[in-house]
Amino acid sequence: MTWLKKNFFEQYGEVCITTEDGSLGEKGYVTNHSVLQKRNFSYLATCGPKPMMLSVARYAHAHKIVCEVSLENKMACGLGACLCCVEKTKDGNVCVCKEGPVLNINKLLWQL
């Protein structure tokens, strides 16, 4: 965690780290971290690769936990004019650059 200062986040709460190779924190996937067995959560937020966010979203959905994801769609203009960052939602298409990047998973058309 050289580029991220763990102490910065610890001033806001407990920091639990998971890496696939175990080089830092617990080895495995974030959705298998032991903290999920020890605590009940009312809210989850995630950012990162879409497959990982989808996994967290599925976990949240299955456990009835409010979850928001920070989408990383490609953005060109930042104004919603170019439509290159469009994400399909239950309410129609939204421009992530204008109406996001953070969206509740219940609005997304992801397969949960």
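Predicted model: local features only at pLDDT ≥ 70, side-chain atom pairs only at ≥ 80, totals over all residues.
User: Thanks! How do I read the sheet, and in which order do the strands come?

Analyst: Strands of a sheet pair through backbone hydrogen bonds, either parallel or antiparallel. Here three strands make an open sheet with mixed pairing, in the order S3-S4-S7. Strand S3 (43–47) and strand S7 (102–104) each have a single partner strand, so one side of each is left without a neighbour in the sheet. From one strand to the next, the twist averages 25°.

User: In which sense do S4 and S7 pair?

Analyst: Strand S4, residues 66–70, pairs with S7 in the antiparallel sense, over three bridges. To find a spot on screen, go to Ser-70: its bridge partner in S7 is Val-102.

User: And how many salt bridges does the structure hold?

Analyst: Side chains of opposite charge can pair when their charged atoms come close. This structure holds two salt bridges. In one, Glu-14 pairs with Arg-39, with the closest N and O atoms 2.6 Å apart. The other joins Glu-87 and Lys-50, at 3.9 Å from N to O. Glu-87 lies in strand S5 (residues 86–89) and Lys-50 in helix H3, so this pair ties together parts 37 residues apart in sequence.

User: Is Glu-87 buried or exposed?

Analyst: Glu-87 is buried, because its relative accessible area is 9%, under the 20% cut-off.

Methods:
Residues numbered from 1 in each chain as written. Heavy atoms only, no water. Pairing = 2+ DSSP bridges. Helix = DSSP H or I, 4+ residues; strand = E, 2+ residues; numbered from the N terminus. Axes fitted to C-alpha atoms, helices over the stretch in contact; angles between N-to-C directions. Salt bridge = Lys/Arg side-chain N within 4 Å of Asp/Glu carboxyl O. Buried < 20%, exposed > 50% of the residue type's maximum accessible area, 1.4 Å probe, protein only.
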